Amino acid sequence: MKKTPWKKILSSALTCFVIALAVFLVFRGNYQEILENLSKAPLWGTAVLFALAAAYQAAEAGICMALVRARLPGFSYRDAVGVTFLGVFGNVATCAVGSIPMQSYRLHQCGLTIGHGIGMMTMEYVFHKASIVLYATVMLIWQGGWLREACPDLSKYLVAGYGVCIVIITALVLVSTWGKMKALALRLLRSLPETEAWERRKSAWAANLESLYAESRNVLKSRGICRRVLLLNAMKLFCLYSAVYFSLRFLGIPALPMGRVQLLAALMLMISSALPNIAGVGPAEFTFLLLFTPFMTAAQASSALILYRTATYFFPFLLSIAVIAAGGGVLRLPPDTASPPHGERH
């Protein structure tokens with residue numbers, strides 16, 4: 001049974017209320033000290049954080065361009081910027097559910113079928129998840145001994161986060177690249193309930209699975225594309241984790257060395273990406289405080305969290321509105337909806 005519009009509105013309103021309540025409960029005891037700490041951040045320091053956030057999105061657009069060009073050689077970096085910021089906008093404005101549909105339709109306007117666009121965006125997600133795990137693994141090999149000595153109690157969270165991430169990545173990679181696993185997934189889909197609503201879902205999921213499998217085979221046959229995408233992912237994650245370090249420095253908090261902050265930030269993203277979230281909010285804040293509070297006061301960690309999230313979450317959302325307003329990611333309806341866009345490949 002479909003949700004009526006008022007039920008969807010009520011569900012979204014309740015979600016926002018729960019998030020706002022959680023934020024209030026976390027920060028209410030330290031709000032004066034938090035405001036004091038935030039007032040210490042220099043304007044130029046905030047500009048540096050915004051620049052790192054912009055660099056992250058620039059690398060994300062480079063990844064999008066590299067992947068899409070495997071099927072659509074004329075796809076430009078400007079097109080990739082539009083698709084990337086549509087994803088940012090959809091993640092916040094539609095609580096993540098509209099990101100891939102909006103991006104895939106924009107790719108459709110650029111010349112891909114809807115199915116290929118969905119498969120391409122899913123491939124980008126697979127590379128993103130794999131890069132998070134690889135980066136965290138490198139950081140643990142480098143700094144893991146220090147972390148075990150400094151915070152032995154964190155091991156249970158790390159094992160859980162690592163385990164869930166590895167299961168997700170392994171499942172996505174196998175479904176994307178191994179025909180037998182794809183066939184098994186399709187059989188499992190067919191075993192779901194046979195009601196009208198479930199039939200629609202099964203049909204959409206099966207089509208997306210086929211598109212993902214087709215796109216993965218097209219992309220993975222080029223080692224050059226894979227190397228470029230992994231390198232750009234490493235660069236964007238370095239920018240993201242460096243934003244944590246500079247958030248601490250600009251607030252005058254006795255900061256850990258860059259390498260150790262990179263490790264904690266990498267583990268933060270890995271654990272939070274394994275937890276359910278709404279529009280990217282919730283797990284990131286929880287894991288940030290979990291990992292950084294042992295090395296500073298709760299008020300200091302909360303202050304750094306606010307500065308970091310403002311730069312890496314709210315600022316890109318504002319940028320996405322500007323990009324869409326400028327026409328970079330506008331979802332224009334084709335003049336003749338019966339005809340595919342120019343250059344579309346079936």
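This is a predicted model: local features need pLDDT of at least 70, side-chain atom pairs count only at pLDDT 80 or more; totals for chains, interfaces and linings use all residues.
Residues are numbered from 1 along each chain as its sequence is written, and side-chain values use heavy atoms, without hydrogens or water. Local features need pLDDT of at least 70 and side-chain atom pairs pLDDT 80 or more, while totals for chains, interfaces and linings use all residues.

The largest nonpolar core holds 53 residues. Such a core is a set of buried Ala, Val, Leu, Ile, Met, Phe, Trp, Tyr and Cys residues joined through side-chain atoms within 4.5 Å. Buried means under 20% relative accessible area, exposed over 50%, partly exposed in between (1.4 Å probe, protein chains only). Leu147, Tyr241, Leu267, Phe288 and Phe292 touch the most other members. Helices are DSSP runs (H or I, at least four residues), numbered from the N terminus. Helix α11 (258-273) is among those that each supply at least two residues of this core. The largest share, 10 residues, comes from α11.

Another core, of 24 residues, lies apart from it and includes Ile63. Ile63 sits in helix α3 (residues 43-68). It counts as buried because its relative accessibility is 0%. Beyond four places in sequence, Ile63 is in contact (heavy atoms within 4.5 Å) with Glu124, Val229, Leu232, Asn233 and Lys236.

Helix α5 (residues 99-110) is mostly covered, with 9 of its 12 residues buried. Among them are Met102, Arg106 and Leu107. The cover includes α3, α4 (77-93) and α6. Gly111 follows α5 and has a positive phi, near 135 degrees.
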